[in-house]
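Work through the exercises below with the model open beside you. Try each task before you read its solution.

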Amino acid sequence: MATRSARRSHKQVAGASSADAVYDRGAAALGPASGSWILVGKDGRLSAYAMARGGLVRWTESAPGGLAWTGPDFFPAPDLTHLCLAQGQDGYVHFVGRRRRVVDGREQITFHHAMQYQTGRPLGPWASLGSLYQNEDMARTAGAPSAAVDAHGGLHVFVRNFGKGVHSRRQDKKGKWTKWADIKGSGTLDGSTGFATFGGRVSLIAPAEKRVSLWTQSEPGGSVDKAEDLPFLAQPGSGCGVETAPDRVTYYWHAADGHGVCAYRAGVGVMALGGGPAHGAVAGTRAFVDGYDCTILAYRGLNGRTALAAYPTENEAAGLWWTETGEESVGSPGLAVDAHGRIVIASISVSGELLVTRQKDNMGLSLGRWMRF
């Protein structure tokens with residue numbers, strides 16, 4: 001069903017399908033979805049996604065690279081405690097939610113999946129991915145999901161399990177789901193981050209009690225297996241990945257002791273990138289700045305403002321200079337590159353609005369004014 005006009009105000013109807021987008025002035029965003037939450041569609045338009053009471057909200061660029069946005073459009077998804085996003089090379093956006101319900105006085109934790117096939121269009125129906133265990137007490141310990149899309153367009157879902165390892169469930173080449181499987185790990189904390197390269201090689205980074213844990217694919221389409229741990233401590237939920245060379249990923253996280261951002265790349269090791277104490281995830285992307293291929297990083301500082309830095313890709317020795325921008329926000333910032341190649345920075349205001357600024361044309365990291373939607 002087509003999205004109802006934003007000029008009409010409607011309240012959510014109990015039991016409404018996720019395909020029914022309802023504009024509701026009371027559906028303020030509570031905070032961004034986890035993972036990369038500002039995404040570019042096949043038509044070049046950006047969309048931003050956030051959790052709201054009883055569901056999620058979405059804003060969409062009116063035109064590729066334009067300054068106007070439509071939304072927020074509200075999509076019912078009752079009882080979600082966490083929501084993560086993943087996008088494949090086909091442009092489809094996958095939504096994976098953790099749902100908590102109390103049935104006959106007992107708490108039930110289940111996981112659910114929906115898809116958006118076209119920019120600005122409604123979500124498809126939510127499908128249940130079930131629980132990690134048949135034992136309800138064990139199932140209730142399941143953590144927040146993370147996800148990534150592989151070389152075949154299949155989704156991999158990762159969840160911290162009862163034994164503090166990780167369970168995974170994935171789609172095969174035909175879209176059929178496998179069963180939940182234990183992919184090992186120990187002492188894993190909540191807040192893992194799934195990532196996929198442009199070629200579809202999937203990996204996972206997760207904080208753990210005494211280490212940073214990694215899982216990788218030896219080849220696209222293969223199994224995601226436990227890799228060597230890193231003897232460093234990360235803040236839960238702070239990780240992200242950026243493909244800094246073909247099929248080579250640099251991972252980022254906040255140091256658990258509050259001493260800024262760390263990076264790791266195979267063959268290079270762990271690097272300290274400066275910055276200060278922070279909340280939420282590091283956001284990262286690549287873009288051209290004054291004609292140079294640069295990696296852009298952002299995080300939300302303890303004062304709620306966005307800290308931003310850029311450096312020549314894979315040249316961490318050049319140093320990073322962190323600068324604060326914008327107003328107080330909730331959750332992690334979002335980073336993307338628009339249809340004109342400009343860096344776009346987004347955040348969610350404390351009142352639940354989308355805040356957006358973008359790079360001025362040919363002016364380094366100089367930003368335009370923040371806009372509110």
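This is a predicted model: local features need pLDDT of at least 70, side-chain atom pairs count only at pLDDT 80 or more; totals for chains, interfaces and linings use all residues.

**Exercise 1. Classify the pair formed by the rings of Y49 and F95, and state what it ties together.**

Step 1. Start with the count: the structure holds six aromatic pairs.
Step 2. Take the geometry of this one. The ring centres of Y49 and F95 are 5.4 Å apart, and the planes stand at 75°. Planes over 60 degrees apart count as edge-to-face, so the pair of Y49 and F95 is edge-to-face.
Step 3. Place the residues. Y49 is in strand β3 (residues 46-52), while F95 is in strand β7 (residues 93-103). The pair therefore ties together parts 46 residues apart in sequence.
Step 4. Check burial. The cut-off for buried is under 20% relative accessible area. Y49 has 1%, so Y49 is buried. F95 has 0%, so F95 is buried too.

**Exercise 2. Do the analysis again for Y92 and Y117.**

Step 1. The centres of the Y92 and Y117 rings are 4.9 Å apart, with 80° between the planes. This aromatic pair is edge-to-face.
Step 2. Y92 belongs to the loop between β6 (80-87) and β7. Y117 belongs to the loop between β8 (106-116) and β9 (127-130). The pair thus ties together parts that are 25 residues apart in sequence.
Step 3. Partly exposed covers the range between the buried limit of 20% and the exposed limit of 50%. Y92, at 30% relative accessibility, is therefore partly exposed. Y117, at 47%, is partly exposed as well.

**Exercise 3. Find what lies over the face of W215.**

Step 1. Look for a charge over the ring. K226 lies over the face of W215.
Step 2. Give the distance: K226 is 5.0 Å from the ring centre.

**Exercise 4. Describe the surroundings of E243.**

Step 1. Locate E243: strand β18 (residues 240-245).
Step 2. Its relative accessible area is 18%, so E243 is buried.
Step 3. List the contacts, leaving out residues up to four places away in sequence. E243 touches F195, T197, F198, R248, V249 and R286.
Step 4. The E243 side chain reaches the backbone nitrogen of D247 at 2.7 Å.
Step 5. Compare sequence with space. E243 and T313 are 70 residues apart in sequence, yet 9.8 Å apart in space, C-alpha to C-alpha.

**Exercise 5. Describe the second largest pocket.**

Step 1. The second largest pocket holds about 310 Å³ of space.
Step 2. Its lining has 20 residues, and L214, T216, Y251, Y264 and A266 lie nearest the centre.
Step 3. Name the strands. β15 (202-207), β16 (212-217) and β19 (248-254) each supply at least two lining residues.

Note on methods:
Residues are numbered from 1 along each chain as its sequence is written. Side-chain values use heavy atoms; hydrogens and water are left out. Rings of Phe, Tyr and Trp (its six-membered ring) pair if their centres lie within 6.5 Å; planes under 30 degrees apart count as stacked, over 60 as edge-to-face and the rest as tilted. Helices (H or I, at least four residues) and strands (E, at least two) are DSSP runs, numbered from the N terminus. Buried means under 20% relative accessible area, exposed over 50%, partly exposed in between (1.4 Å probe, protein chains only). A charge sits over a ring if NZ of Lys or CZ of Arg is within 6 Å of the ring centre and within 35 degrees of the ring normal. Contact means heavy atoms within 4.5 Å. A polar contact is a pair of N or O atoms within 3.5 Å; within protein, one must be able to donate a hydrogen and the other to accept it, and residues adjacent in sequence count only if both atoms are side-chain atoms. On a 1 Å grid over the protein atoms alone, a cavity is a set of points where a 1.4 Å probe fits but cannot get out, and a pocket is an open set with protein on both sides within 12 Å along at least five of seven lines; lining residues have an atom within 4 Å of a point. Grid points are joined across faces, edges and corners, and a volume is the space filled by probe spheres set on the points.
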